[in-house]
Structures are given as C-alpha cells and as structure tokens.
Amino acid sequence: MTVNPANPPRPALRAADKKSFAYFNATHKWREIIEKGISNIRDLINSSDIDINEEGKKIIASMEKLINQIQRNDHLIQIEDDGRPDIITWNDALNTYFKDEDWFTTSWLFAECYIYRRIVSIITNTKHWRNYDPFFRQKEESFKLSFSGIIEFSKRIDELISSKVKIDDSITFYELAKISLLGNATDLSMLPNFGADGNIQTKQSEELEKNILANDLEKAWKWLSKYSNARVDFILDNAGFELYSDLIFSDWLIQSGYVSEVHLHIKLIPWYVSDTTLNDFHWLLKTLKSDDFFSSASEIEKSSLEKLVNRDLNYRKLVYDCKWETVTPFKEAIGPLANSKNAFPLLSLRTGKSDIFVGLDEGVEERLGPDKSWMYSGKYAVIQFSEGNK
Ligand SMILES: O=P(O)(O)OC[C@@]1(O)O[C@H](CO)[C@@H](O)[C@@H]1O
C-alpha cells in the first residue's frame, strides 16, 4: 500500500496507545488548550457590545462541545464549511483516510491538527470574531516575559556584528542556529559571549552540545558557505522569542552576504497554541519597533536554495509522525523531501517534544534509557540536514 496520511512508512503515533506521550497529550493537554482559548474569549465578551457578546457565547458553546466530543471519544465529524479554501481538502482527507475513526484511533497528528482546524471554522463562521486568534493572549504574555532576554540577546549580537576581532562566519552560523533551535529557552545563560579573542563562549555550551543528539550543522554550513546572494526559506514555528531569534538568524544570513533573500513562512492558522500567524509577526515587529529594537523586514521572490524547518510540530510532519526506529537515517524518514528529483536542501532545527526521533547513532537510545520521557522532555534536540537534489 502506498504511503498516505493514514498509512505512514511505520505505524502512526496514536493517542490510543496508553503508554505513549500522545495519549498523555490527548487526555490532558487538548482540553487544557481549548479551555485557555475559551477563557480568553470569556474575558473579552464581558467588555464588548451586545452582538459581539452573543457571538462570543456561541463560540464558547461550540468549543465546549468540541471538548465533550473529545472526552466521549466520538467519531470525527466533517468540519463546518467556513469558506476557507482548504476546507474541501480537509473534509476529503477525513472521508478518504479517517472515516469512522475516533479521536484516539486516528493518527495523533491528524487529530491534533483537526482540533485547531475545527476551532478556526467555529471562529471564522462569525461576523465579529472571524479574525480572532484565541491563543494570541498566551503568546503576547510569554513574549513580554522574554523581554529582558531579547534585550540581552540583541546586545550580544550587536557586539558580534561590530566586533573588531574577526569571528569566523562558521562559528557565528553555528551559534545562531543553536539559539534559533533553543529559541524557546530564554534563559540568558544560554546566550553566547563573544570574547575579545574572537572565541565564542556559551556558558552552558557543553551541556547544550550534549543534548543535541544529532548535529549536521557542519554539513549545512559547508553547503551554504559555497553561495553568495542565495535564497533561504524559514518554515517558522513558534511566535515570540523563537520568532525573534529566527529573525536575527535571517538578518545575519543576509548581512554576511551568503544570502540575499529570506522568505519567512508563517502559519495560516495556529496549528498549535504557540504558532506564528501573520498577526503575531506584525505584532512582534510593531512591539520591537516601539522599543527601537527592530526597524524593517523585507521579502523578494525567487527560487529557494535551502529550507530551514523549525521545531517539533514541523518535524513531526516532516517525518510522518510514526514509530520510526531512532537509528533510521533522517533522509530515509523524510522520503521524497530528500530523494525526489527536485528535493531542496533542508535543515531542520528541532527540540524533542513528542514520541519520535530519527537519525540517532546506534547506542544513543540505549544510553538514554528505557524510560522514553527523554523523547518529549524538550531537553534533547536534533539538527539534521539533507542536501536534496537541486
Ligand atoms: O512545534 P512546537 O511548538 O515545538 O511543539 C508542538 C507540539 O509538537 O508539542 C506538543 C507536545 O508537547 C504537541 O502536542 C505539539 O504538536
């Protein structure tokens, strides 16, 4: 049987597997996340006009219905048409691959994305709330908490760029990629110090290096440093500090001359609470500008040299969210994205937050022990590169 959404190359991760992180996630996190969205709407309806309030209440009722359907483990139902162009594809996929499946037997990845698509349909089918992101408040609050991290990071990057001592570009590339990888850790001790001797000291660098279980940065650098004026695409993931570190990384790629165009791909809708939407992107720029941190962003069209795919959810999609043996080569796990005729070079920066890892050396899984929580603890990361066929 050919590979399709219901038939990935290895058995799909499913919330029905009680020993899996997927199960924990589905039984604990889903409800919590939807409830957070509800609470954000509830806070707004208390201070809005009557029509907005009434619609807000309807949204809350529909979101509560969604929670009940998950808790009863109902069959997945058609997503209500909201006029968005992807609705046909979604319902087709549901009918073709997941007909008569319920929340726990369907693949974890499909069920999780389906939740967010259902929420978007509920919200889009209103007059006053159609552009509302129920998760924006969390993103805004957590970004504000990372403000001192942003200032500190900016100062250190400035030292690097204006340093009189020549710092090798490869070192800067490695450091920025690692910060981008660990962008959700706004712990200042993780930021690099650019010493007067041109060496970079990352206070926790040894600890961090140990937790990067596969690291293809050298290969990626060897590839990228051959170019000047290339195009790089970032498949963004989370908003806030992560987005900020991705922007700093993009800016350096351009300033260094290897790249002349960076295309930033945001999420059309949030596929997870923390995802970067267009609104988050603009909000970040506005917030940074208001504090004189950041002044402009630009985009031009051309063909891409390299794609940078960040974080856990994007990684799960890349590797089909299935039960790979951890020693499966990354290029095998991403299949056509590595071996099709026009496969583009791809660099993935990912911290592990789900039951899946590929591309590890023999013995790594055994060293980390039988308790599989290392896979989803967020502590371990992989940096994996495929040069593609372009
Ligand atoms: O893409 P991110 O934001 O890094 O992680 C998102 C995610 O993989 O993490 C959760 C598990 O913690 C999943 O439910 C979800 O898909």
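A backbone N or O atom of Leu 313 lies 2.8 Å from an oxygen atom of the ligand, a polar contact in the sense of a pair of N or O atoms within 3.5 Å. The model is predicted, with pLDDT of at least 70 required for local features and 80 or more for side-chain atom pairs, while totals for chains, interfaces and linings use all residues. Residues are numbered from 1 along each chain as its sequence is written, and side-chain values use heavy atoms, without hydrogens and water.

An N or O atom in the side chain of Asp 312 is 2.5 Å from one oxygen atom of the ligand. For the side chain of Arg 316, the corresponding distance is 2.6 Å. Alone, the ligand exposes 390 Å², of which the protein buries 95% (Shrake-Rupley areas, 1.4 Å probe).

The shell around the ligand holds 13 residues (a heavy atom within 4 Å). Glu 112 and Asp 237 are among the closest. By class, the shell divides into 4 nonpolar, 3 polar and 6 charged residues (Asp, Glu, Lys and Arg count as charged; Ala, Val, Leu, Ile, Met, Phe, Trp, Tyr, Cys and Pro as nonpolar; the others, Gly among them, as polar).

Helix H12 gives the largest share of the shell, 4 residues. Helices H1 (21-45), H4 (108-124) and H12 (311-318) each give two or more (DSSP runs of H or I, at least four residues, numbered from the N terminus). Domain 1 (21-134) and domain 2 (137-386) both contribute to the shell, so the ligand lies between them (bounds from an automatic or database domain assignment).

Definitions and conventions:
A polar contact is a pair of N or O atoms within 3.5 Å; within protein, one must be able to donate a hydrogen and the other to accept it, and residues adjacent in sequence count only if both atoms are side-chain atoms.
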